Amino acid sequence: MSTPWYRRIAEGLTRSRERLGEELNVLLRRGPNLDEEFWTELEDTLIGADIGVTATTEIVDHLRDQAARKALPDAASVVDALAEQLAGEFPTPDEDPLALTPVTILVVGVNGTGKTTSVGKLAKQITDEGRSVILGSADTFRAAAAEQLDIWADRAQVPIVRKERGADPAAVAFDTVAEAEATGADVALIDTAGRLHTSADLMRELEKVQRVTANRSKPPVRTLLVMDATTGQNGLAQAREFHTSLTIDGIVMTKLDGTAKGGIAVAVARELGIPILRIGVGEGIDDLRPFDALGFARALVGMGDA
Ligand SMILES: Nc1nc2c(ncn2[C@@H]2O[C@H](COP(=O)(O)OP(=O)(O)OP(=O)(O)O)[C@@H](O)[C@H]2O)c(=O)[nH]1
Ligand SMILES: [Mg+2]
């Protein structure tokens, strides 16, 4: 089961894997019997991993049913089935927005979640695939935001559209799309500002960016929400607000390497019904991975890492 690809996901999830995997191991060591205590402890373990109460209850009820029908003879088979159940919680994307050509991609999210870093990593990956990229710095709010994106543009060797600080972010997005069209770029990646998610100003600003971009862009426009996995349930509440104000087509979940509660990915995908498209597992340019539901679920429960 340990393909190199799989191992890379598992490595990024080390902390979650160790914690959830270890707790499940303790459960398994109790022996093959599936008594009441087993189910209660399984529930506690999953809730502790931030999978969420509703998802946990449904998953455990389902596993109990299967066990009662003798489809799951022992605790070890429950853990196998658990990985499959968890994988089934993730909505399957109809398309991968990042695979469209040409396409305009808006990247949004709360401050500090990893938007600019993810845009940089994506620019490098898409360029490596042989497609041309142009970056737009529609974060005109934070000091040095455009300089930060400039550094990533340099690393990935791609052009960037930027304006002075305080300029209208929608105007930057407009110019980026126009420049992409003029130069025949395959992918326009537009970075936006973060601020506290409760900021009504930010939501209005992003709504305008999305509207102006959709009007100007001939290629389809897709919006990705960048979420920081270490913010747990709080991040989920923030994502819900973005989802209410804007059309969100996919999630990039960052900093999975920095949390033992990777189960938040399950809670988010399930509750928002938005597919996770990429996961961030480190700060380096290559630390952005494609998301695979079963591989992720298996890594989460500590399977297949021998
Ligand atoms: N460990 C880890 N760190 C990450 C990951 N993605 C981003 N970071 C770090 O998170 C910090 C914030 O990243 P940025 O890309 O500046 O975040 P942002 O959303 O653009 O921030 P604002 O523009 O201020 O809203 C940086 O120190 C990044 O290196 C990841 O997947 N793992
Ligand atoms: Mg940024």
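In this predicted model, helix α2 gives the lining of the second largest pocket its largest share, seven residues. The largest pocket is the space taken by ligand 1.

**Second largest pocket**
- The volume of the second largest pocket is about 150 Å³.
- Its lining has 13 residues, and Gly21, Asn25, Val301, Gly302 and Met303 lie nearest the centre.
- Helices α2 (14-29) and α5 (75-88) each contribute at least two lining residues.
- By class, this lining holds six nonpolar, three polar and four charged residues.

**Shell around ligand 1**
- Ligand 1 is surrounded by 19 residues, with Lys115, Thr116, Thr117, Asp257 and Glu283 the closest.
- Helix α6 (residues 115-128) supplies the largest share of this shell, four residues.
- The shell consists of one nonpolar, 11 polar and seven charged residues.

- Glu283 places a polar side-chain atom 2.6 Å from an oxygen atom of ligand 1.
- A side-chain N or O atom of Arg142 is 2.9 Å from an oxygen atom of the ligand.
- At Gly112, a backbone N or O atom lies 3.0 Å from an oxygen atom of ligand 1.
- The protein buries 81% of the 660 Å² that ligand 1 exposes when taken alone.

**Largest pocket**
- The largest pocket has a volume of about 180 Å³.
- Among the residues lining this pocket are Gly112, Thr117, Lys121, Trp152, Asp257 and Glu283.
- One nonpolar, seven polar and four charged residues make up the lining of the largest pocket.

Terms used. Residues numbered from 1 in each chain as written. Chains lettered and ligands numbered in written order. Predicted model: local features only at pLDDT ≥ 70, side-chain atom pairs only at ≥ 80, totals over all residues. Heavy atoms only, no water. Near = heavy atom within 4 Å. Polar contact = N/O pair within 3.5 Å; in protein donor to acceptor, adjacent residues only side chain to side chain. Areas by Shrake-Rupley, 256 points an atom, 1.4 Å probe, with all protein chains shown as cover. 1 Å grid on protein atoms, 1.4 Å probe; cavity = no way out; pocket = protein on both sides within 12 Å on 5 of 7 lines; lining within 4 Å. Sits in = over half its atoms within 2 Å of the grid points. Nonpolar A, V, L, I, M, F, W, Y, C, P; charged D, E, K, R; others polar. Points joined across faces, edges and corners; volume = space filled by probe spheres on them.
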